[in-house]
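Thanks for asking me to look this one over. Here are my notes, in numbered points, for you to read alongside the model.

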Amino acid sequence: MSDEIERLRAEMARATPAPDPARRAENLRVAQENFDALQGTRREARPTERRPLMARLLDGVTTMIDRISPRGAMAATTAMVAVGALVVLPTDLLLPEEEVILFEPEPIVQEPAIAPRPAELQTLAETDSATAVRPSITATPQSLSRTQSALSDAATEGFAAGAPLAQRRTVPVPDDQVIQIVPDTEAFANAETNPLKSVIEEPVSTFSIDVDTASYSVVRSSLTRGQMPPAEAVRIEEMVNYFPYAYPAPEGDAPFQPTVTVLPTPWNADTNLVHIGIQGALPATDERPPLNLVFLIDTSGSMQDATKLPLLKQSFRMMLGELRPEDQVAIVTYAGSAGRVLDPTPASDRATIEAALGRLEAGGSTAGQAGLQQAYATADEMAEEGEVTRVILATDGDFNVGLSDPEALKDFIANQRDSGTYLSVLGFGRGNLDDATMQALAQNGNGQAAYIDTLSEARKVLVDQLTGALFPIANDVKIQIEFNPATIAEYRLIGYETRALRREDFNNDAVDAGEIGAGHQVTAIYEVTPVGSPAVRIDDLRYGTSEVTATSDEIGFLRMRYKTPGAAESQLIETPVMPGQGTVSDDIRFSAAIAGFGQLLRDGTYLGDWGYADAIALANGARGEDPFGYRTEAVTLMRLAESLDRN
């Protein structure tokens with residue numbers, strides 16, 4: 001037996017190669033290549049549907065780090081002997097005995113397959129520093145590919161082959177690669193729902209008209225994403241005014257015509273609706289004056305999303321087709337600092353304007369104040385006698401440099417509107433939509449606020465309704481109605497919570513109010529409770545008086561004030577409101593359905609058991625002519641809301 005063992009030893013001695021420095025160097029090179037290959041390639045990883053992006057990135061980082069071990073590097077440098085069972089390691093590759101650290105990979109913990117909440121910062125990788133150091137960053141899905149590449153570079157440099165484990169280090173990811181999730185910071189301008197009021201105690205209601213439509217588009221954006229809209233985002237008057245109606249046109253030189261209709265309330269058989277529809281005059285096409293437009297475009301970092309700056313560019317390109325050769329366009333941007341990227345350019349030079357739009361990129365903070373100042377300065381340069389000059393601000397509303405307080409912004413814009421340059425605001429994107437700031441700017445800039453979430457909406461606002469948005473026919477339009485306590489016990493205004501005025505403001509021409517543009521329609525709806533109705537909710541005052549000397553059958557008396565553009569003094573329109581007045585058309589019924597829909601989205605306090613099914617039935621029965629599908633879309637949104645509300 002000993003002879004056999006000696007022969008085996010002799011064979012093994014002959015099979016074992018002698019030390020060869022060149023062979024050792026080649027083995028080290030191959031080991032380094034294998035190490036690099038185990039780290040993955042520099043190409044961007046392809047997302048899959050297996051798990052959310054954040055969880056998949058965690059898997060990748062964990063697997064990468066776990067694969068790094070001394071045993072892997074040493075095994076790649078071994079030489080196989082003739083018997084194929086023994087491995088001889090070059091002694092100079094071994095770590096000193098006290099530095100040899102063997103450990104098992106940490107198990108990968110599978111996280112629930114849900115997207116992280118925006119308000120939480122997700123730590124992607126952590127481990128005990130006694131065993132290994134892993135890069136730890138926060139990231140967003142938008143920065144996934146850049147972060148993966150940065151991690152690969154850091155790991156390759158930090159875990160150099162052959163270095164003792166105690167000397168291995170993490171190379172910090174560059175600051176521009178560390179991107180944190182932006183929390184939802186949306187803010188909406190609204191107030192508590194208008195309360196029911198006693199006519200005996202408060203017979204007069206006064207408010208400013210509103211032609212904005214932003215709220216309806218925000219509601220649509222939420223519902224189509226499978227979410228109920230925030231209650232504070234629902235401004236019922238803006239939902240009602242989103243739709244075109246065929247109200248009677250004004251006669252003669254009057255800039256607009258009010259039409260009053262009284263009808264039964266769909267959600268309460270014991271009350272009535274007083275429906276006020278206003279139709280603005282539409283001037284002849286050859287009467288339109290030259291138009292000077294300053295596009296004030298937010299190019300801050302928050303505008304990177306596809307529904308923000310990219311959609312904004314497409315929207316403005318669409319608008320250019322509606323301009324005339326004598327019109328002019330200038331472009332001012334703001335992000336960190338403001339700048340004019342396009343000097344006043346004739347609208348006929350469309351290629352130059354589109355090229356300037358195409359060069360815009362998002363990045364930086366939001367210098368809102370500087371942008372507004374630059375835009376108004378540019379508008380002053382362009383303004384000529386007899387022309388119309390407008391600043392159109394396109395933003396997600398995220399002003400974080402300069403005047404970020406809505407009240408300060410309101411004062412700044414109010415000081416500029418007297419020059420005749422009005423400000424309209426277009427909102428883009430969700431997540432950090434600052435609707436409160438947008439509303440403050442538009443209301444005090446004598447302009448319109450709209451929210452654009454699709455190209456179809458861009459066409460509606462910037463093509464179909466361009467004339468009404470840019471050419472005012474009546475300024476500071478106020479509505480006041482006095483209800484007759486002999487016939488009406490209670491009333492409430494549906495919507496217009498942010499447009500309320502004091503009674504004395506009606507006759508004060510210094511108080512700002514809303515504007516009506518060429519061809520605009522405006523709708524206001526009151527719910528009124530007749531005297532003696534079982535729907536009366538407010539008890540009479542013990543020490544008040546309910547004796548009324550009036551003998552008229554009037555429900556109330558409507559007054560409206562307005563100024564013609566450029567005028568300092570207002571003009572007055574008056575008309576009584578009678579029971580059963582007007583013709584109840586599909587337009588009026590549909591507007592009532594939308595008013596009910598808006599109340600359901602807010603709180604439904606005064607609707608009783610009237611619900612989404614009732615709103616759908618009323619809207620479907622009053623669709624009438626719907627050439628652009630707006631009313632059909634509204635019914636679809638009602639159905640979505642009904643389903644989401646059930647869940």
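1. A word on terms before the surface: accessible areas here come from the Shrake-Rupley method with a 1.4 Å probe. On that basis the chain exposes about 30800 Å², and carbon and sulfur atoms supply 50% of it. Please keep in mind that this is a predicted model.

2. Now the overall make-up. The chain has 17 helices and 18 strands. Of its 647 residues, 47% count as buried. Among contacts with a separation of 6 or more, 78% are between residues 24 or more positions apart.

3. Which residues have the most contacts inside the largest nonpolar core? They are M239, F243, F590, I594, F597 and L601, in a core of 39 residues. At least two residues each come from α6 (214–224), α7 (236–240), α15 (586–602), α16 (612–621) and α17 (630–646). The biggest contributor is α15, with nine residues.

4. Setting aside neighbours within four places in sequence, F597 is in contact with L223, M239, W610, Y612, L637, M638 and A641. Apart from this core lies another one, of 34 residues, including L320, A356, L360 and V461.

5. Next, how α15 and α17 pack. Two packed helices are described by the angle between their axes and the distance between the axes. For α15 and α17 the angle is about 30 degrees and the axes are 12 Å apart. Angles under 35 degrees count as roughly parallel, so α15 and α17 are roughly parallel to each other. The crossing of α15 past α17 is left-handed.

6. Which residues meet where α15 and α17 pack? From α15 come D586, D587, F590, A593, I594, F597 and L601. On the α17 side they meet R631, A634, L637, M638 and A641.

7. Finally, two backbone angles to look at. Most residues other than glycine have a negative phi. N446, however, has a positive phi, near 55 degrees, and lies in the loop between α12 (435–444) and β12 (449–452). D476 also has a positive phi, near 50 degrees, and lies in strand β13 (residues 472–483).

8. Are N446 and D476 buried or exposed? Buried means under 20% relative accessible area. N446 has a relative accessible area of 9%, so N446 is buried. D476 is at 10% relative accessibility and therefore counts as buried too.

Methods: Residues numbered from 1 in each chain as written. Predicted model: local features only at pLDDT ≥ 70, side-chain atom pairs only at ≥ 80, totals over all residues. Heavy atoms only, no water. Core = buried A, V, L, I, M, F, W, Y, C linked by side-chain atoms within 4.5 Å. Buried < 20%, exposed > 50% of the residue type's maximum accessible area, 1.4 Å probe, protein only. Helix = DSSP H or I, 4+ residues; strand = E, 2+ residues; numbered from the N terminus. Contact = heavy atoms within 4.5 Å. Axes fitted to C-alpha atoms, helices over the stretch in contact; angles between N-to-C directions. Parallel < 35°, antiparallel > 145°, perpendicular 65-115°, else oblique. Left-handed = near helix turned anticlockwise from the far one by under 90°.
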